[in-house]
Amino acid sequence: MLTTILLSPLVAMLIVLALPPHRQFAIKVVSAIGAGITLVLSLYMAYDFLVNGLSGFQYREQIPWISDLGITYHLGVDGLGMAMVLLTAIVIFTGVFVSWKIEYRAKEFFALLLLLVTGVFGVFMSLDLFFFFFFYELAVLPMYLLIGVWGSTRKEYAAMKLVLMLLAGSILVWTGLLALYVQSGINSFDFLRLREVHFSREFQTLWFPFFFVGFGVLAGLWPFHTWSPDGHVAAPTAVSMLHAGVLMKLGAFGIIRVGLELLPEAARLWTPFFIILGTINVLYGAFSAMAQRDLKFVIGYSSVSHMGYVIIGISALTATALNGAMLQMFSHGIMTALFFALVGAIYDQAHTREIAAFGGLARRMPIVAAYFTVAGLASLGLPGLSGFVAEALIFLGTFQYNWIFGILAVFGVVLTATYILRLLARAFYGPLNPAWTGLRDALRSETFAMTILVLTLVIVGVYPRLLTDPINTTVAPLIERVGGLK
């Protein structure tokens, strides 16, 4: 099951590379089929977890690779891994259809997009930390070309800044992984075996920040977040969707999987410091979003703010907050992918993202306006959409930890409501700017992709147990391991 999900985009990429460049329709169909296979299998896996109440690591596959170094091809997913695999499958499938209009070097674009998502799937599935890091790097490096070639505005600057900062974080992660390998004394990178090793308190205290900061760079942790808004703005639409919707979740996933699970004693010591940084993320990102004039920059800084909720939920070390953080990773991924798809649909026609230049777009683009409203309401936590459940759990769990951080986190929602509602009013409603009378609504391929994302926000918002029940099977033993509040 997992190998099929992992290899589907890779095989599709190889077929795309074998096709002549002028066969653009065939290239896009092959990419859609590769992404579609991952989506179908991910949905089946989510159904299996929910209906059969699966817990622990499932669908495990293990093949020795370099036995002398203890490196194995070892895959498996728990409740959190399943949710992240499903998120990735939804975003890449919709991203392919949003990119249907790409004509410039479409062959290379879709090949790199499929290679990137192969790395993402590998991170969420790998139970061998060597392969975990290999896939982690594979997910990051194609971003340079995808932004530098197909991006806009300051694309070369943004691409180089993104890759250099993420590689700097990767150095911390790789150094920490090697330290775990050597200190364990078991000659293995296997996560399940390393989890049984008791590392000394001194070792954990020293190396935990390497993982939290190293992975935190990709998660948009303040003050290492500056690559993120620039990358969001410069990237083409589908890459922005994957960048904000999925890649930032790799960082949060790494903190949970490696930092909390393997170094639990240090987690209790260090997380009071990191919850402060997470709170700064929420407030700084929200205030920055309020000051932006570019649609993409608003969404970019909004992502920094919402990832702050994830960091708070992780750092609070309460079962409720950690459940909320994991659900927020999924909810924010879908919501942000929808935001960037919508902004891309507007920019492709208007050739500007300046909020002040718009007005009354709902009259010319009713579907885009309606879907943007849904995404905005999910962002500010409207009941009935997935963002509400995730943020409510984070707030409840954070109040259990410390009421001051709880109040500050809730204040972030007020700021979010301010910039989202103001953006909706200025860009989409009110009198129509005569300059935009020639605009048309989203293309059919774009509308199809956006509808899937909207339905996902609604379904998870109305029935969150689809994800919270499987996720809780991961949270409960993890909280017990780190000694957090149940």
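**Close-up views of a predicted model**

View 1. Once neighbours within four places in sequence are set aside, the residues in contact with Arg195 are Phe57, Glu261, Leu262 and Arg481. The model shown here and in the views that follow is predicted. Arg195 belongs to helix H8, which covers residues 191–195, and it has a relative accessible area of 24%, so that it counts as partly exposed. The C-alpha atom of Arg195 is separated by 9.8 Å from that of Ser184, a residue 11 places away along the chain.

**View 2. The salt bridge between Asp78 and Arg257.** In the whole structure a search finds 7 salt bridges, and one of them joins Asp78 to Arg257, with 2.9 Å between the closest N and O atoms. Because Asp78 is placed in the loop between S2 and helix H3 (79–98) while Arg257 belongs to helix H11, the pair ties together parts of the chain that are 179 residues apart in sequence. Both Asp78 and Arg257 are buried.

**View 3. The salt bridge between Glu446 and Lys101.** The side chains of Glu446 and Lys101 meet in a salt bridge, with an N to O distance of 2.6 Å. This pair also links distant parts of the chain, since Glu446 is in helix H18 (residues 444–462) and Lys101 is in the loop between H3 and H4, 345 residues apart. The two partners can be described by their accessibility: Glu446, at 3% relative accessibility, counts as buried, whereas Lys101, at 30%, counts as partly exposed.

View 4. Arg105 and Glu108 form a salt bridge in which the closest N and O atoms are 3.5 Å apart. Arg105 is partly exposed at 44% relative accessibility, and Glu108 is likewise partly exposed, at 29%.

**View 5. The hairpin of strands S1 and S2.** Strand S1 (residues 58–66) pairs with strand S2 (residues 71–77) in the antiparallel sense, and the pairing runs over 6 bridges. Gln58 has Val77 as its bridge partner in S2. The two strands, S1 and S2, form a hairpin with 4 residues between them, and in the turn Gly70 has a positive phi of about 70 degrees.

**View 6. Leu263 within the largest nonpolar core.** The largest nonpolar core holds 196 residues, among which Leu129, Leu180, Leu263 and Phe372 touch the most other members. Helix H14 (residues 319–350) gives the most to this core, contributing 20 residues. In soluble globular proteins, nonpolar side chains tend to be buried together. Apart from neighbours within four places in sequence, Leu263 is in contact with Leu180, Phe199, Phe203, Gln204, Trp207, Phe208, Phe211 and Val258.

**View 7. The buried residues of helix H6.** In helix H6 (residues 142–150) the buried residues are Pro142, Met143, Leu146, Ile147, Gly148 and Trp150. These buried residues of H6 pack against several helices, namely helix H4 (106–125), helix H5 (129–140), helix H7 (155–184), H10 and helix H11 (237–262).

**View 8. Thr226 in the loop between helices H9 and H10.** Thr226 is located in the loop that connects helix H9 (201–218) with helix H10 (227–234), and with a relative accessible area of 33% it is partly exposed. When residues up to four places away in sequence are not counted, Thr226 touches Lys161 and Met165. Met165 lies 61 residues from Thr226 along the chain, and the C-alpha atoms of the two are separated by 9.0 Å.

**View 9. A nonpolar patch on the surface.** Phe399, Trp403, Ile404, Ile407 and Val410 form a nonpolar patch on the surface, and together they have about 480 Å² of accessible area. Helix H17 (residues 403–427) provides the largest share of this patch, with 4 residues. Trp403, a member of the patch, has its place in helix H17, and because its relative accessible area of 54% is over the 50% cut-off, Trp403 counts as exposed.

Key:
Residues are numbered from 1 along each chain as its sequence is written. This is a predicted model: local features need pLDDT of at least 70, side-chain atom pairs count only at pLDDT 80 or more; totals for chains, interfaces and linings use all residues. Side-chain values use heavy atoms; hydrogens and water are left out. A nonpolar core is a set of buried Ala, Val, Leu, Ile, Met, Phe, Trp, Tyr and Cys residues joined through side-chain atoms within 4.5 Å. Buried means under 20% relative accessible area, exposed over 50%, partly exposed in between (1.4 Å probe, protein chains only). Contact means heavy atoms within 4.5 Å. Two strands pair if DSSP finds at least two bridges between them. Patches are made of residues with over 30% relative accessible area and no salt bridge: like charges are joined within 9 Å, nonpolar side chains (Val, Leu, Ile, Met, Phe, Trp, Tyr) within 5 Å. Accessible areas come from the Shrake-Rupley method with a 1.4 Å probe; for residues, only the protein chains shown count as cover. A salt bridge is a side-chain nitrogen of Lys or Arg within 4 Å of a carboxyl oxygen of Asp or Glu.
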